Amino acid sequence: MKKIQKILEKQKYIKVKLKNIATNHLELKAKINDIKGRFILDTGASNSCVGVNFIEFFKLDATQSDTKAAGAGAIDMETQESKNNFLKIGDWKTNNCHLVLFNLSHVNTALVQHNANEVHGIIGADILRQGKAFIDYNKNMLYLKKIKKNKHKND
């Protein structure tokens, strides 16, 4: 496995530690607009999401969306969206993070029922694709390729 890690690091991939939680989901810490949060990594979620109750917390500019959300046993949920947010996962960063905002209480209720902590949101396939992600399930490690020409006011 060390060989793959060395190859990815040579290709400018950034290593991010994942935590296996009680529900067998992988959890990670990330910052949105420089505010720390806890997220589930979900390869099956097409979009990254944040709970609507965290719009002010993450300083999101939310607008109404015609998209209906579905997932984790809930369907047809009203959504909002927030575009061009700054997302930092470990040392990987992007200024082009589009988030779907909806009520994640059903997700957090399920997590708490299984003795896991609540999360602020979900990192989905959109970010994994943008970061050309590799997931090492054996070592609970996420690798994201560094994005070129990515300026942020706090860097």
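Hi everyone, this is a short walk through one predicted protein model, from its overall layout down to a few residues.

Some ground rules before we look. The model is predicted, so local features need pLDDT of at least 70 and side-chain atom pairs count only at pLDDT 80 or more, while totals for chains, interfaces and linings use all residues. Residues are numbered from 1 along each chain as its sequence is written, and side-chain values use heavy atoms, with hydrogens and water left out.

Let's start with the layout. The chain has three helices and eleven strands; these are DSSP runs, H or I over at least four residues for helices and E over at least two for strands, numbered from the N terminus. Along the sequence the pattern reads α-β-β-β-β-β-β-β-β-α-β-α-β-β. Of the 155 residues in the chain, 44% are buried. Here buried means under 20% relative accessible area, exposed means over 50%, and partly exposed is in between, with a 1.4 Å probe and protein chains only. Contacts, meaning heavy atoms within 4.5 Å, tell us something too: among those between residues at least 6 apart in sequence, 60% join residues at least 24 apart.

Now to the aromatics. How many aromatic pairs does the structure hold? There are five. Rings of Phe, Tyr and Trp (its six-membered ring) pair if their centres lie within 6.5 Å; planes under 30 degrees apart are called stacked, over 60 edge-to-face, and the rest tilted. One of the pairs is Phe39 with Phe58, whose ring centres are 6.0 Å apart and whose planes meet at 35°, so this pair is tilted. Phe39 sits in strand β4 (residues 35-41) and Phe58 in the loop between β5 (49-51) and β6 (63-71), so the pair ties together parts 19 residues apart in sequence. Both partners are buried: Phe39 has a relative accessible area of 1%, and Phe58 has 0%. Phe58 also pairs with Phe54, this time edge-to-face, at 6.4 Å centre to centre and 65° between the planes. Phe54 is buried as well, at 18%. Put together, Phe39, Phe54, Phe57 and Phe58 make one aromatic cluster.

Staying in that β5 to β6 loop, please look at Lys59. Lys59 has a positive phi of about 55° although it is not a glycine. Is Lys59 buried or exposed? It is exposed, with a relative accessible area of 62%.

There is another positive phi to show you. Asn140, in the loop between β10 and β11, has a phi near 50°, again in a residue other than glycine. Asn140 counts as buried, at 17% relative accessibility. The loop between β10 (134-136) and β11 (141-145) also holds Lys139, which is partly exposed at 43%. Lys139 and Leu18 are 121 residues apart in sequence, yet 8.5 Å apart in space, C-alpha to C-alpha.

Next, two strand residues. Ser82 is in strand β7 (residues 74-89) and is buried, with a relative accessible area of 0%. Which side chain does Ser82 join through a polar contact? Its partner is Asn85, at 3.0 Å. A polar contact is a pair of N or O atoms within 3.5 Å; within protein, one must be able to donate a hydrogen and the other to accept it, and residues adjacent in sequence count only if both atoms are side-chain atoms. Not counting residues up to four places away in sequence, Ser82 touches Leu60, Asp61, Cys97, His98, Leu99 and Leu101.

The other one is Asn96, in strand β8 (residues 92-102). Asn96 is partly exposed, at 49%. Leaving aside neighbours within four places in sequence, Asn96 contacts Asn84, Asn85 and Gln130. Asn96 and Lys83 are 13 residues apart in sequence and 7.2 Å apart in space, C-alpha to C-alpha.

Last stop, back at the start of the chain. Gln5 lies in helix α1 (residues 2-10) and counts as buried, at 18% relative accessibility. Beyond neighbours within four places in sequence, Gln5 is in contact with Lys15 and Tyr143.
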